[in-house]
Amino acid sequence: MAKNSKLVEIAFKGERKAIYRDRNEIDISEGDYVLVEAERGQDLGKVSLIGSLVKLKRNKGEIRNIIKKASPGDIEILFKNKEKEKSAFKVCREKIKKYYLEMKLVDVEIQFDGSKITFYFTAAQRVDFRELVKDLASVYRTRIELRQIGVRDEAKRISGCGICGRKQCCSAFLTEFEQITTQMAKDQQLALNPSKISGNCGRLLCCLRYENESYLEMFAEFPPIGSRITLDGKQGLLNYINIFQSKALIHFSDGTQSWLGPEEIKKGTFEYATSQ
């Protein structure tokens, strides 16, 4: 890293975020708008994070530079572009109908300097949109990109709240989507009810993935559910583990039951269940 340069996370439309380098010691704070280098030309985004956490979020690849803090005139252009995006969305949607294309337009993003317009869409299959691109290029006289995205990317761009009441993980902080399986829900003792374990995108909740390791570590403190335990001369069966209280529910053969922590349970002897 160059002397005196710092890394800054910049957010753009659709929860798109990227790390940039401030080589000029610009006086910027979180929430400020800044002009940055783009693949071609310039783009404008909002500073979303400054400090040591940015270095931890840095991925491999090229890091472009922050050019300057945005002026009132630059921000005015940004909001004008937002109005143009609404118009472009309607235009593109009409042309999709015109060409009978099986695709769903999700969002439009105009680069700050107008040198590129990106149309985001979802589709069940590959779409031949070459004629659509030519038509849009003839209308806007700039570089046109049609980018097919998945349903999880669509939910991220639209944003919203999850069933927990908080902002969707994908919109708030996730930078990439990893594989999520129903086994993770089983490992976390969740009922396999699709409405409870699916996000707004209709796919399995992202938190099932990044919380799974913590769940497994906490469950490892206890014998598997279904294990038989002999403690203080009484025989019992481990039926449930409450990881939030770090206690397991033991039903004893004499009809009593007890919530016990891992240290108390380790005083007994076990006949481990082979599977949960």
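Residues are numbered from 1 along each chain as its sequence is written, and side-chain values use heavy atoms, with hydrogens and water left out. In this predicted model, local features need pLDDT of at least 70 and side-chain atom pairs count only at pLDDT 80 or more, whereas totals for chains, interfaces and linings use all residues.

**Cysteines**
- The closest cysteine sulfur to that of Cys 170 belongs to Cys 206 and lies 5.6 Å away, which is too far for a bond.
- Cys 206 is likewise in no disulfide.
- Cys 170 is buried at 8% relative accessible area (buried means under 20%, exposed over 50%, partly exposed in between, with a 1.4 Å probe and protein chains only).
- Cys 206 also counts as buried, at 15% relative accessibility.

**Helix α4**
- Helix α4 covers residues 151–158; helices (H or I, at least four residues) and strands (E, at least two) are DSSP runs, numbered from the N terminus.
- Its buried residues are Arg 152, Glu 154, Ala 155, Lys 156 and Arg 157.
- These buried residues pack against β6 (104–110), β7 (116–122) and α5 (169–172).
- Just after α4, Ser 159 takes a positive phi of about 70 degrees.

**Strand pairing**
- Strands β2 (residues 17–22) and β5 (residues 64–69) run parallel and are joined by 2 bridges; two strands pair if DSSP finds at least two bridges between them.
- Arg 21 has Asn 65 in β5 as its bridge partner.
- Strand β3 (residues 33–37) pairs with β5 in the antiparallel sense over 3 bridges, and Val 36 stands opposite Ile 66 in β5.

How values were computed: A disulfide is a pair of cysteine sulfur atoms within 2.5 Å. Contact means heavy atoms within 4.5 Å.
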